[in-house]
Amino acid sequence: MKKANATNEENIVVENITAENMVKEEKSAPKAKMPKKKKGKAKWIVLGIVGVIVIGLGVLIASALSAVPVVGVTKASIGDVESYLSVTGMVSSGEQTTYFVPASAKVVAVNFSVGDIVKKGDPIIVFDQADLDSALKQASLNLRNAQLQAADLQNTINTDKQDLADVLEEIRVLENRIDMHQNDHEYDAKTAQWEATLEGKYAKRDQLEKTSVTPQQIEQANIGVSLASLTYQDTLKMVNDGKGGIIAGYDGVLTTINLVEGGTAQPGQVAAVLESLDDVKVKFTVGKYDVARLKLGQPAIVTFGDTKLQGEVTHIAAAAQTTAEGTVLAAEVTVDDPNHILKLGLETDIEILTAKEASVLVVPVEAVKVDKDGNYVYTVELMPNTKDMYQPVKTYVNVGASSDTEIIITEGLSEGAMVIRMPPKTIDSMRVVRILEGDVFSGAAFQNGGGMFATTAG
């Protein structure tokens with residue numbers, strides 16, 4: 001028993017020693033490190049939550065603000081207005097000369113072409129001198145013949161007048177004789193003779209009155225003399241000038257030449273057309289709605305490319321004309337163009353100053369609307385017990401002249417009145433608005449209804 005007990009005690013000691021060793025080993029062994037929590041992840045989670053809150057608040061604020069639309073306004077102010085009428089016109093010359101061929105002659109030379117600039121005295125077209133000499137003789141004969149024909153008619157008139165006067169006197173004498181002796185039977189035979197003679201005088205009188213030269217015949221004869229004289233004078237001028245042709249009467253540009261070298265020109269044919277560059281006009285037309293704005297003497301600005309020239313309205317037609325564009329009135333602007341910048345036959349833009357008024361009440365053109373009752377604007381009035389809430393008010397006004405940007409208000413507004421610059425289409429349904437003053441809200445967004453964020457640069 002003792003031996004067994006000893007063995008048990010030894011086992012107990014061994015187990016104790018082993019347990020102690022295990023405890024020591026555990027104490028001496030390095031402890032395993034626990035994983036640490038990541039602080040960055042928690043930080044982003046917090047920021048995300050804050051962001052959601054901010055966005056939510058922003059949406060709520062924006063929704064609240066957008067519930068009240070914002071409109072751009074401006075103040076009715078005192079300013080100057082210049083009103084212009086914009087038209088397009090055709091450049092033309094105020095002085096134009098058409099040269100006709102005075103007689104049949106061969107064309108020796110054509111010295112210029114269409115579009116060339118010529119100086120006064122330049123020979124434009126030269127004719128054969130021999131042909132001109134022959135034409136001059138023929139023109140002289142034609143003139144003499146026309147003069148003789150006119151003279152013959154005049155002589156006929158004079159003779160007929162005298163003959164008629166003589167017959168009328170003879171009739172008077174015979175009628176008196178017959179009246180004196182109509183109851184004297186001793187003169188019956190003579191009275192019968194006188195009456196027979198009187199019948200002959202009546203017939204001659206009637207014949208003279210019917211065959212007398214008419215005023216129309218005299219007029220035609222005089223016209224014939226004038227035409228023959230003009231032909232003769234033109235031919236004589238060409239021959240005497242020594243250049244035998246058509247000479248430029250002033251500085252200008254040739255816009256027409258109808259003759260060619262070697263050809264034969266016919267009498268009355270248009271040889272050339274010369275137009276002056278020193279008297280330049282721009283011709284244009286206006287419709288019935290602009291006629292009342294147009295006045296003689298109004299200043300104008302003529303734009304040709306990059307060049308602006310000064311001009312003045314110098315002609316307005318007295319009657320309208322019908323064109324493919326409708327019924328229009330023709331007018332002209334005379335242009336100061338000393339450097340000959342304008343080109344004949346080309347179109348150019350014209351700005352005519354039709355009205356100029358200083359120190360008048362104005363608002364932007366786009367602020368004024370019109371309906372069946374007249375012109376109107378929308379003003380804004382501060383609502384009671386608010387600082388930034390306004391009520392739109394439709395206000396009828398009378399208007400005057402306008403420029404491209406401003407229009408005169410003659411009645412209905414006072415200086416400083418707040419006017420909605422570009423009333424949105426839904427303005428009549430808006431009971432309350434906020435305002436922003438200035439040109440910021442002059443864009444198209446407000447034409448479509450306005451709004452807190454509907455802003456575009458003007």
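At the start of H3, the backbone nitrogen of Ala130 has a side-chain oxygen of Asp128 within 3.1 Å. Helices (H or I, at least four residues) and strands (E, at least two) are DSSP runs, numbered from the N terminus.

This is a predicted model, in which local features need pLDDT of at least 70 and side-chain atom pairs count only at pLDDT 80 or more, while totals for chains, interfaces and linings use all residues. Residues are numbered from 1 along each chain as its sequence is written, and side-chain values use heavy atoms, with hydrogens and water left out.

### The chain and its cores

The chain contains six helices and 22 strands. Of its 458 residues, 32% count as buried; buried means under 20% relative accessible area, exposed over 50%, and partly exposed in between (1.4 Å probe, protein chains only). Among contacts (heavy atoms within 4.5 Å) between residues at least 6 apart in sequence, 72% join residues at least 24 apart.

A nonpolar core is a set of buried Ala, Val, Leu, Ile, Met, Phe, Trp, Tyr and Cys residues joined through side-chain atoms within 4.5 Å. The largest one has 32 residues, and Ile124, Ile125, Phe127 and Leu259 touch the most other members. Two or more residues of this core come from each of strand S4 (105-110), strand S6 (123-127), helix H3 (129-180), helix H5 (215-241), strand S8 (252-257) and strand S10 (270-276). Leu259 is in contact with Val101, Val107, Val110, Ile125, Phe127, Ala265, Gln269 and Ala271, when residues up to four places away in sequence are not counted. A second, separate core has 22 residues, including Val302, Phe304, Ala330 and Ile350.

### Helix H3

The expected span of a helix is 1.5 Å times one less than its number of residues. For the 52 residues of H3 this gives 76 Å, which agrees with the 76 Å between its end C-alpha atoms.

### The largest pocket

On a 1 Å grid over the protein atoms alone, a pocket is an open set of points where a 1.4 Å probe fits, with protein on both sides within 12 Å along at least five of seven lines; lining residues have an atom within 4 Å of a point. Grid points are joined across faces, edges and corners, and a volume is the space filled by probe spheres set on the points.

The largest pocket has a volume of about 250 Å³. Eleven residues line it, and the closest to its centre are Tyr99, Asp234, Lys237, Met238 and Ile246. Strand S3 (96-100), H5 and strand S7 (245-247) each give two or more residues to the lining. H5 gives the most, with four residues.

Gln298 lies in the loop between helix H6 (288-291) and strand S12 (299-304). Not counting residues up to four places away in sequence, Gln298 touches Arg293, Gly311, Glu312, Val313, Ile352, Leu353 and Thr354. Its C-alpha atom is separated by 8.3 Å from that of Thr314, 16 residues apart along the chain. A polar contact is a pair of N or O atoms within 3.5 Å; within protein, one must be able to donate a hydrogen and the other to accept it, and residues adjacent in sequence count only if both atoms are side-chain atoms. Polar atoms of the Gln298 side chain lie 2.9 Å from the backbone oxygen of Arg293 and 2.9 Å from the backbone nitrogen of Lys295.

Thr354 is in strand S16 (residues 347-364). Its side chain makes a polar contact of 3.2 Å with that of Arg293. Apart from neighbours within four places in sequence, Thr354 is in contact with Ser83, Tyr84, Leu85, Arg293 and Gln298.

Ala331 is found in strand S15. Leaving aside neighbours within four places in sequence, Ala331 is in contact with Val282, Lys283, Phe284, Leu294, His315 and Ile316. Ala331 and Lys281 are 50 residues apart in sequence, and their C-alpha atoms are 10.0 Å apart.

### Two loop residues with positive phi

Most residues other than glycine have a negative phi. His340, in the loop between strand S15 (326-335) and S16, has a positive phi near 55°. Asn385, in the loop between strand S18 (374-382) and strand S19 (390-402), has a positive phi of about 60°.

The table gives the accessibility of the residues described above.

| Residue | Relative accessible area | Class |
|---|---|---|
| Ala331 | 2% | buried |
| Gln298 | 7% | buried |
| Thr354 | 18% | buried |
| His340 | 30% | partly exposed |
| Asn385 | 84% | exposed |
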